[in-house]
Amino acid sequence: MKTTKMLKSLAILMLGTFLSLNAYSQQNLIPGYVVTTDGDTLQGQIDYRNWDRNPNKITFIQEGKTSSTTYSPLDIRSFEANNEVYVSAIVKSSVSSRKAVNLGDETELKTATDTTFLQTLIQGDKSLYYLKNRRGIENFYIGRNGQYDLLVYNIYKSNKENKVRVDKRYVGQLVLYFNNAPSVQKELQKADYNKSSLRNLFLAYYNQSSTAPKFQKKKDKGSVEYGIVAGVTISTVKFGGNDLVYLTSANISPSVNPTAGLFLDFILPRSQGKWSIYNELNYNSYQLSTDYNGYYHDIYYTEQINAEFAFSYLSLNNMVRFRYPVKSCYLYINAGFSNGIIIDETNHKTDVGRFETTESKGLDDIKKHDFGYIGGIGMQYHHFSLDARYKRTGGFSPYVTLSSPLSQYYFLLGYRF
């Protein structure tokens, strides 16, 4: 029990460290640069936020300095971080809702003026830019003579006909924009107003052009990390119920056993590497034994029952993980589900009576599949990680009248290839 308490204390300590460091480490600084209004390029670090809506200011720490500077689109020409290039612009953006329940009858697109950073999707002699404004409405722009022209797209409801109408004026704009590319003209009528379709249209232009784009935003595909984990588990079982008193009244010691596994960690796109789906195939086991002495009729008649159980599981652990960078480390917390299948078992009972000794199963039936909840915290440093976890399952008893909840504490060292 001392070991269990020590592991609990360690888990609480790591969680406290995670929360305190998270509170004081709110910036996510990554390498990047800004281009000043004079055309100078300043290298340094940018507080990158994996913006869903385009930012209207950024925090920058110039190389060799310790203090940060906040820039608006009026202060710099552009900036780059995490293979994303943003340019300063004052543009018109759509404020007309595109949700069916909110459609108006205005045939003309309603716009507002935004001073913002446009995200560069493709830059070259034909350029495409993107803005998701404060209202969450997506807007696309083409570059023309140093200006950014809004590609017009509007959805409205015709009250006279009681129909939804779509204004695809952007198709006509692109016909003029690509007037020297006949092969692209054929694809224009099929172009939808979204990142994927418009990006493919511009790439089709460059495929038939003698020039190549100066910059192209890579698609966000996420990434996969894999490796191994190994360590120890501390397992405890506490039987409950009114039947099988030789189990429910037993005082069972914790079982300490080795464990190991393989994992695949799917890092989600557009999450700054903070969110992932962690999947682990894990081998774990535990043993327990009980001793029971019963007295019947008088003090001269006794019965001793010894039960032994041992199980080895192959478990699939699926967890959602959130990790946060702190200097050269990551602290993380995760939670999810565990599904285990018994691959080896010991199920034995010795009943020593006054006149005979019998051997039998400890339980007539054993639950082969064990479902439960798992969660924990950890720390990653380069290729190595350290985990503390807790798992709670229903255990091996299949009977309604006998519960066998299993608590397992994991202490794991991991390595990512």
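Which residue in β21 is the bridge partner of Cys329? The partner is Tyr381. The model described here is predicted.

## Strand β19 and its partners

Strand β19 covers residues 329-352 and runs antiparallel to strand β21, residues 369-381. The two are joined by 13 bridges, and the pair formed by Cys329 and Tyr381 belongs to this contact between strands.

Strand β19 also runs antiparallel to strand β20, residues 357-360, with four bridges between them. Here Val352 stands opposite Thr357 of β20. A hairpin of four residues leads from β19 to β20.

## The largest pocket

Rolling a probe the size of a water molecule over the atoms shows where empty space is left. The largest pocket has a volume of about 470 Å³. It is lined by 25 residues, and the closest to its centre are Tyr48, Asn82, Arg270, Gln272 and Gly273.

Sorted by class, the lining of the largest pocket contains eight nonpolar, nine polar and eight charged residues.

## The second largest pocket

The second largest pocket holds about 240 Å³ of space. Its lining consists of 15 residues, and those nearest its centre are Ser88, Ala89, Gly146, Gln147 and Tyr148.

Three strands each supply at least two residues of the lining of the second largest pocket: β6 (84-94), β9 (138-144) and β10 (147-150). Strand β6 gives the largest share, six residues. By class, the lining of the second largest pocket has eight nonpolar, four polar and three charged residues.

Methods: Residues are numbered from 1 along each chain as its sequence is written. This is a predicted model: local features need pLDDT of at least 70, side-chain atom pairs count only at pLDDT 80 or more; totals for chains, interfaces and linings use all residues. Side-chain values use heavy atoms; hydrogens and water are left out. On a 1 Å grid over the protein atoms alone, a cavity is a set of points where a 1.4 Å probe fits but cannot get out, and a pocket is an open set with protein on both sides within 12 Å along at least five of seven lines; lining residues have an atom within 4 Å of a point. Grid points are joined across faces, edges and corners, and a volume is the space filled by probe spheres set on the points. Ala, Val, Leu, Ile, Met, Phe, Trp, Tyr, Cys and Pro count as nonpolar, Asp, Glu, Lys and Arg as charged, and the others, Gly among them, as polar. Two strands pair if DSSP finds at least two bridges between them.
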